[in-house]
Amino acid sequence: MTQPTDIRRTALELAATGLPVLPLRHGKRPFYNCPQCTGSACGGRPHMKAAGPCHCPRPCHAWAAATTDPAVLTSPAWEGAWRQAVAVAYHPAGAGLTVLDLDNPTAITWARQTLPATRTVPTTRGEHWIYRGTMPSANRVRPGVDIKSRAVYARWLGTGTGALTDLPSAVRALAVKEETTPARGGVVSSLHERATWDRTVATGCQHTERYVRSGLERGLAKVRNHTTSGAGSQAFGVASFLAAQHAQCPGPCGLEALGWQIVAAAVSVGVPEPYARRAVANGLHTGPRTAS
């Protein structure tokens, strides 16, 4: 076998640190699937979103082929790809990371004014901000901003500078795409009546009823104030904040009932119910981790 190229040597060094890697061809693209896997005819690799039987030894299926196994990276099946490779990519979520891809100076300025500082890596047109934690990936969450974490790859551009910080709720909220508020008078949703929060559904909550209700009302008011846009993202933030307040309670705290009241507030100002439910569910899930 030929000696590893500089690109493959870099890949092996990264893999040794726990970063799952793969080679990229020209255009920052992964290598094509082999004939047996074209069009996902093999069913996909077992660790892809749609699990399948593929155990192809070649670097097929883009991000799903990323690995930390030096035996795979130096195998004859990967040799041809390394000879043609122009760069190394990695699977961020495979290393417990999220990459905020800031594609222009305006996006960088927004991030510096809005988000906590973290490890930063210069790119051709902007910067990668790398956070500790994983989330769904999403493109164009705002002008010039992409999120790369699960089920994607990111190009390796160096170690960067600065200390890693935990993935903030503000970045998670970006992945919840804000939908257009329908015109006034339109049918927004068929939201059915749900139980509202009271002490009977919060038998394990350590907070007083007044504390919970006042916090909820402040949050609902914030959601209702977004009558033209942003109500969905605000609903996510309110749900995350309220869930964090109950992170240390023995439970149950009736968070589901709190969540449905936040959903109802978002729907009342034009947010489609399915989107409102997703935003609130994500917020309730994120809140306890934010508090820890």
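Student: Which strands each supply at least two residues of the lining of the largest pocket?

Tutor: Those are β7 (138–142), β8 (145–148) and β9. Keep in mind that we're reading a predicted model here. The largest share of that lining, three residues, comes from β8.

Student: How many residues line the largest pocket, and which lie nearest its centre?

Tutor: The lining has 20 residues, and K28, D101, H128, K148 and Y153 are the ones nearest the centre. The space inside comes to about 490 Å³.

Student: How do the lining residues of the largest pocket divide into nonpolar, polar and charged?

Tutor: You get eight charged residues, six polar and six nonpolar.

Student: What about cavities: how many of 30 Å³ or more does the structure hold?

Tutor: There's one. The general idea is that a probe fits inside a cavity but cannot get out, whereas a pocket is open. The largest cavity here has a volume of about 40 Å³.

Student: Which residues line the largest cavity?

Tutor: Its lining is made of Y90, V121, H128, I130, R155, W156, L157 and G158. Sorted by type, that lining has five nonpolar residues, two polar and one charged.

Student: Where do W78 and W82 sit in the chain?

Tutor: Both belong to helix α3 (residues 76–84), and because they are four residues apart there, about one helical turn separates them. W78 and W82 are both buried, too.

Student: And what is the geometry of the pair formed by Y90 and W156?

Tutor: That one is edge-to-face, with 75 degrees between the planes and 6.0 Å from centre to centre. Y90 lies in strand β3 (residues 87–90), while W156 is in the loop between β9 (154–155) and β10 (165–166), so this pair ties together parts that are 66 residues apart in sequence.

Student: Is Y90 buried or exposed?

Tutor: Y90 counts as buried because its relative accessibility is 3%, and the cut-off for buried is under 20%. W156, at 24%, counts as partly exposed.

Student: Going back to helix α3, which of its residues are buried?

Tutor: W78, E79, G80, A81 and W82 are buried in α3. The cover over the buried residues of α3 includes α1 (6–16), β1 (21–25), α2 (70–73) and β3.

Student: What should I make of phi angles?

Tutor: Most residues other than glycine have a negative phi. With that in mind, look at H61, where phi is near 70 degrees, a positive value. H61 lies in the loop between β2 (29–30) and α2, and at 5% relative accessibility H61 counts as buried.

Student: Where does A151 lie, and what is its phi near?

Tutor: A151 is in the loop between β8 and β9, and its phi is near 60 degrees, again positive in a residue other than glycine. At 40% relative accessibility, A151 counts as partly exposed.

Student: What about E217: where is it found?

Tutor: E217 is in helix α6 (residues 209–224) and counts as partly exposed, with 44% relative accessibility. Its C-alpha atom is 9.7 Å from that of Q261, a residue 44 positions away along the chain.

Student: Finally, how many helices and strands does the chain have?

Tutor: Nine helices and 10 strands. As for how the chain folds back on itself, take the contacts with a separation of 6 or more: residues 24 or more positions apart account for 70% of them.

Note on methods: Residues numbered from 1 in each chain as written. Predicted model: local features only at pLDDT ≥ 70, side-chain atom pairs only at ≥ 80, totals over all residues. Heavy atoms only, no water. Buried < 20%, exposed > 50% of the residue type's maximum accessible area, 1.4 Å probe, protein only. Phe/Tyr/Trp six-rings, centres within 6.5 Å; stacked < 30°, edge-to-face > 60°. 1 Å grid on protein atoms, 1.4 Å probe; cavity = no way out; pocket = protein on both sides within 12 Å on 5 of 7 lines; lining within 4 Å. Points joined across faces, edges and corners; volume = space filled by probe spheres on them. Nonpolar A, V, L, I, M, F, W, Y, C, P; charged D, E, K, R; others polar. Contact = heavy atoms within 4.5 Å.
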